[in-house]
Amino acid sequence: MKLTLICVGKMKQTYLKDAIQDYVKQMPYPFEIVEVQDEKESSGMVIEEKRILSKVNLNDFVIGLAIKGDMLSSEQFADKLDRWMTYDKKDLTFIIGGSYGFSEAVYQRCNYLLSFSKMTFPHQLMRLILVEQIYRGFQILKNHPYHK
């Protein structure tokens, strides 16, 4: 089992990078963060689409972060992680799109759409929130007190 997070754009804030790395190094599975270059205009979504999809393996179970996705509690998210790992037995790939969102082709490639809120968050901060929730999900599955 391998976890991958594909993000559009570069992480600039050192303090966020450090916080993310703290969680990544505690993950029970290999965890890779892949950054693809962002485009400055919405017409560049097709270019971003190609960059994103080139990083997704054919057999990956892909979870896209999207406002129109399902909103889950941390416990429900942990259950989803458990189900995907147990029954699908595929590597999990999470995608955070750029400021213009996903193209239709990226939406079509996603096996599941996940939303953390109807609010908009900076993409760099969303990375930290997602990585922390993945870590939290694994702690919930182990009945570890971190979640409380």
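User: Is E35 buried, exposed or partly exposed?
Analyst: Keep in mind that this is a predicted model. E35 has a relative accessible area of 30%. Buried would need under 20% and exposed over 50%, so E35 comes out as partly exposed.

User: Which residue does E35 form a salt bridge with?
Analyst: E35 sits in strand β2, and its partner sits in the loop between β1 and α1, 25 residues apart. The closest N and O atoms of the pair are 3.7 Å apart, and the cut-off is 4 Å. The partner is K10.

User: What about K10, is that one buried or exposed?
Analyst: The relative accessibility of K10 is 56%. The exposed class starts over 50%, so K10 counts as exposed.

User: Why does the salt bridge between E32 and K2 tie together parts that are apart in sequence?
Analyst: The two side chains meet at 2.9 Å, N to O. E32 is in strand β2 (residues 31-36), while K2 is in the segment before β1. The pair therefore ties together parts whose separation in sequence is 30 residues.

User: Is E39 buried or exposed?
Analyst: E39 is in the loop between β2 and α2, and R51 is in helix α2 (residues 45-53). They form a salt bridge, with the closest N and O atoms 2.6 Å apart. R51 counts as partly exposed at 23% relative accessibility. E39 has a relative accessible area of 19%, and the buried class is under 20%, so E39 is buried.

User: On to the nonpolar side: which element gives the largest share of the largest core?
Analyst: That core has 29 residues, and L92, F94 and I134 touch the most other members. Elements giving two or more residues include β1 (3-8), β4 (92-96) and α5 (123-141). The largest share is 7 residues, and it comes from α5.

User: Which residues is I134 in contact with, leaving aside its neighbours within four places in sequence?
Analyst: I134 is among the core members that touch the most others. With those sequence neighbours set aside, its contacts are L3, M27, F31, F77, L81 and F94.

Terms used: Residues are numbered from 1 along each chain as its sequence is written. This is a predicted model: local features need pLDDT of at least 70, side-chain atom pairs count only at pLDDT 80 or more; totals for chains, interfaces and linings use all residues. Side-chain values use heavy atoms; hydrogens and water are left out. A nonpolar core is a set of buried Ala, Val, Leu, Ile, Met, Phe, Trp, Tyr and Cys residues joined through side-chain atoms within 4.5 Å. Buried means under 20% relative accessible area, exposed over 50%, partly exposed in between (1.4 Å probe, protein chains only). Helices (H or I, at least four residues) and strands (E, at least two) are DSSP runs, numbered from the N terminus. Contact means heavy atoms within 4.5 Å.
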